[in-house]
Amino acid sequence: MTSPSQHRRPPAARGEHSFFVYDDDLAWADTVVRFVSDGLERGQRVWYSADSTEPGVVIDVLRRGAVDVDAARRDARLSVTGTDLSHLRRDPFDPDRVVSMFRAACTEALADGCTGLRVLAEMSWSAREVADVDRILESELRLDREVYADLPLTGLCLFDRRLIPASTADLLTRAHTIRAEPPGPASGGPGPLPVALAAVPMRDRSGIRLSGSGDIDTRHILRAALAALARMPGPIVHLDLSAVTYLDPGAVAVLVDISNSLTGKGRSLLLHKPPYSLRKVAELFPEECAALEVAA
């Protein structure tokens, strides 16, 4: 097995946050073997966070895929654990704890001579009754800016459509920047379906990009996305609305609330390319919407 000091490729300038959607075990196994093998080849420490799959099954799949599991585990280059030993070991679910955990794990891997950290995480727990599980969108959006932006962390979130409702999977996958594909002719299973409102992190600044429509049916998504935005670092956070087709008065009120909250903390929210519907609401309620700042 290649040792950390013998890796043939340098670590990435920044991390990569990808996802994989599947509905059969063969597609899952092919992707897991490829992703783990590539991480070990690159000199990364690899961590598989299992949930619906028994850790022993993951180990067996890796062995059948010609991964030298014993050597990798002996050198502390590979670990396979259940989610009860990771970010879900305590209730409620806390994005702050997740961000800190990933930063610490990646920093530790670098200190141990690895080129970075590679994490595969089964996301089936998102469909269970976990306290504050609704904050998972916040977690996924913040990880991109607060961890992947400046650390060599390579993450792959695994979404099994047999266990996760389509609405949940489709919302969360859009918080990722890359869709992983298996090698060969396999399609990788079904891709994301259209959702009414989706959020993706901006890669060049602290902010998110929304797409879709903001109304009563998507208010919970908007609130979750803005909660993540408010916790992103920097004196100014950005909200790209160029792909938003409509915002009802209630959605605008949520924007006003978050803007006022940030102002009270000495920070500000800057809107980019808001839709006509927001501008119309601002014209009808100029005093209430005075807190909203639009980029020139």
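Here's a quick tour of this protein, from the overall build down to single side chains.

What you're looking at is a predicted model, in which local features need pLDDT of at least 70 and side-chain atom pairs count only at pLDDT 80 or more, while totals for chains, interfaces and linings use all residues. Residues are numbered from 1 along each chain as its sequence is written, and side-chain values use heavy atoms, with hydrogens and water left out. The protein has nine helices and 11 strands; helices (H or I, at least four residues) and strands (E, at least two) are DSSP runs, numbered from the N terminus.

**The big picture**

- Of the 296 residues in the protein, 52% are buried. Buried means under 20% relative accessible area, exposed means over 50%, and partly exposed is in between (1.4 Å probe, protein chains only).
- The accessible surface comes to about 13200 Å², and carbon and sulfur atoms own 53% of that. Those areas come from the Shrake-Rupley method with a 1.4 Å probe, and for residues only the protein chains shown count as cover.
- Take the contacts (heavy atoms within 4.5 Å) with a separation of 6 or more: residues 24 or more positions apart account for 78% of them.

**Nonpolar cores**

- The largest nonpolar core has 64 residues. A core here is a set of buried Ala, Val, Leu, Ile, Met, Phe, Trp, Tyr and Cys residues joined through side-chain atoms within 4.5 Å.
- The residues with the most contacts inside that core are Phe 102, Leu 137, Leu 141, Phe 159, Leu 210 and Leu 239.
- There's also a second, separate core of 25 residues, and Ala 29, Val 33, Val 61 and Leu 156 are among them.
- Back to Leu 137: leaving aside neighbours within four places in sequence, Leu 137 touches Leu 171, Leu 172, Ala 175, Ile 221, Ala 224 and Ala 225.

**Helix α8**

- Helix α8 covers residues 249-263, and its 15 residues should span 21 Å at 1.5 Å a residue; the end C-alpha atoms are 21 Å apart, which agrees. The expected span is 1.5 Å times one less than the number of residues.
- Buried residues in α8 are Ala 251, Val 252, Val 254, Leu 255, Val 256, Ile 258, Ser 259 and Leu 262.
- What covers those buried residues? The cover includes strands β8 (207-214), β9 (236-247) and β10 (268-272), plus helices α7 (219-230) and α9 (276-284).

**Salt bridges**

- The whole structure has 16 salt bridges, each one a side-chain nitrogen of Lys or Arg within 4 Å of a carboxyl oxygen of Asp or Glu.
- Asp 38 pairs with Arg 42, with the closest N and O atoms 2.8 Å apart. Asp 38 is partly exposed at 24% relative accessibility, and Arg 42 is partly exposed at 28%.
- Glu 138 bridges to Arg 231, the closest N and O atoms being 3.4 Å apart. Glu 138 sits in helix α5 (residues 136-148) and Arg 231 in the loop between α7 and β9, so this pair ties together parts that are 93 residues apart in sequence.
- Is Glu 138 buried or exposed? Glu 138 counts as buried at 2% relative accessibility, whereas Arg 231 is partly exposed at 40%.
- Arg 162 and Asp 160 meet in a salt bridge too, at 2.9 Å from N to O. Arg 162 is partly exposed at 44% relative accessibility, but Asp 160 is buried at 6%.
- Asp 96, Arg 135, Glu 138, Arg 142, Glu 146 and Arg 231 are linked in a network of salt bridges.

**Aromatic pairs**

- There are three aromatic pairs. Rings of Phe, Tyr and Trp (its six-membered ring) pair if their centres lie within 6.5 Å; planes under 30 degrees apart count as stacked, over 60 as edge-to-face and the rest as tilted.
- Phe 20 and Tyr 22 form a stacked pair, 5.7 Å centre to centre with 15° between the planes. Phe 20 is buried at 0% relative accessible area, and Tyr 22 is buried at 3%.
- Trp 47 and Phe 102 have ring centres 6.0 Å apart and planes at 35°, so this pair is tilted. Trp 47 lies in strand β2 (residues 45-50) and Phe 102 in helix α4 (residues 95-111), so the pair ties together parts 55 residues apart in sequence. Both Trp 47 and Phe 102 are buried.

**A look at Ser 139**

- Ser 139 is found in helix α5 and counts as buried at 2% relative accessibility.
- Ser 139 and Asp 96 are 43 residues apart in sequence and 7.8 Å apart in space, C-alpha to C-alpha.
- Setting aside neighbours within four places in sequence, Ser 139 is in contact with Phe 93, Pro 95 and Val 98.
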